[in-house]
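The sequence and coordinates are shown first, and the discussion then begins with a single residue.

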Amino acid sequence: AANLLAQLVLLLDRADPNTAHHSACVASYTRAIAEAIGLPAEAQSKAHAAALVHDIGKLAVPQDILRKAGTLTPQEFQAIKTHPAIGAALVAAIPGRTHELSKFIEQHHERLNGSGYPYGLRGEAIPLGARIFSVADAFDAMISNRPYRHGLSFEQARREIARGAGTQFDPAVVEAFLQAFDRLVSAPFLQSAVTAQRPAHHRDDP
């Protein structure tokens, strides 16, 4: 299973290096948050592995939609919203214990208050791994340049994450993110790609 997951990561990197870079960043943030919240090492590794391929389903979404600079039509947004289920199905098809990982991927756009997708799940109905890397995913999306907007500063993104506690995000996960924040933003890979230099890449609409 680990070897096939690694091949999916390689496929994503070759097909879309920008999305692969985003996923690698999200995976690093996910591990740091999972550690700060007190998850055991095995659970940290599972969340990290799922985060590495959480956007693999975007390979099935038309590039012109992903790179569109303007407002998405309802039909285009529906196409974007298919990527978690597609990615989850790919990972679930890998032999071995990948069911938990596929659930993290499938539900990483769910929101604590039930306003997310694809199922509108609320609270603890969303797996903890998905709740963790929804914060990590949102943070990296906020600090990255997109075709339709410039990225936020680290501090602006930190405030936005904190503001979302209890609505979009699990407050306990947000607290862990805030605890790990200084370590996250001082990481060499992030410092080498400060907001002004982050490449414009795919949409990651909420």
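V9 is partly exposed, with a relative accessible area of 28%; here buried means under 20% relative accessible area, exposed over 50%, and partly exposed in between, computed with a 1.4 Å probe on protein chains only. The residue belongs to helix α1, where helices (H or I, at least four residues) and strands (E, at least two) are DSSP runs numbered from the N terminus. Leaving out residues up to four places away in sequence, V9 touches L52 and V53, contact being defined as heavy atoms within 4.5 Å. A distance of 9.2 Å separates the C-alpha atoms of V9 and A24, which are 15 residues apart along the chain.

L10 is also found in helix α1 and is partly exposed, at a relative accessible area of 40%. Its C-alpha atom is separated by 9.8 Å from that of V53, 43 residues apart along the chain.

## Basis of the model

The model is predicted: local features need pLDDT of at least 70, and side-chain atom pairs count only at pLDDT 80 or more, whereas totals for chains, interfaces and linings use all residues. Residues are numbered from 1 along each chain as its sequence is written, and side-chain values use heavy atoms, with hydrogens and water left out.

## Overall architecture

The protein chain has 11 helices and 0 strands, so the pattern read along the sequence is α-α-α-α-α-α-α-α-α-α-α, with helices and strands taken as DSSP runs. Of its 206 residues, 47% count as buried. Among contacts between residues at least 6 apart in sequence, 68% join residues at least 24 apart.

## Nonpolar cores

The largest nonpolar core has 42 residues. Such a core is a set of buried Ala, Val, Leu, Ile, Met, Phe, Trp, Tyr and Cys residues joined through side-chain atoms within 4.5 Å. The residues with the most contacts inside this core are I33, V135, F139, I161 and F177. At least two core residues are supplied by each of α1 (2-15), α2 (17-37), α3 (41-52), α6 (83-92), α7 (99-106), α8 (128-143), α9 (154-163) and α10 (171-185). A second, separate core of 6 residues includes V61, L66, L72 and I80.

## Packing of α6 against α7

The axes of α6 and α7 come within 8 Å and cross at roughly 170 degrees. These axes are lines fitted to C-alpha atoms, for helices over the stretch in contact, and the angles run from 0 to 180 degrees between N-to-C directions. The crossing makes α6 roughly antiparallel to α7, because angles over 145 degrees count as roughly antiparallel, under 35 as roughly parallel, 65 to 115 as roughly perpendicular and the rest as oblique.

On the α6 side, P84, G87, A88, V91 and A92 meet L101, S102, I105 and E106 of α7. By class, this contact has 6 nonpolar, 2 polar and 1 charged residues. In this classification Ala, Val, Leu, Ile, Met, Phe, Trp, Tyr, Cys and Pro count as nonpolar, Asp, Glu, Lys and Arg as charged, and the others, Gly among them, as polar.

Q44 lies in helix α3 and is buried, with a relative accessible area of 11%. Not counting residues up to four places away in sequence, Q44 touches R31, A34, E35 and L39.

In α9, F154, A157 and I161 are buried. Seen down the axis of α9, its buried residues fall within an arc of 65 degrees, so they line one face of the helix; the arc is that of the directions from the helix axis to the C-beta atoms. A180, in helix α10, counts as buried at 2% relative accessibility. Beyond its neighbours within four places in sequence, A180 is in contact with A32 and A36. The C-alpha atoms of A180 and I37, 143 residues apart along the chain, are separated by 9.4 Å.

## Loop features

Most peptide bonds are trans. A cis peptide bond joins Y117 and P118, with omega about 10 degrees; P118 is placed in the loop between α7 and α8.

L152 is located in the loop between α8 and α9 and is partly exposed, with a relative accessible area of 27%. The C-alpha atoms of L152 and D140, 12 residues apart along the chain, are separated by 9.7 Å.
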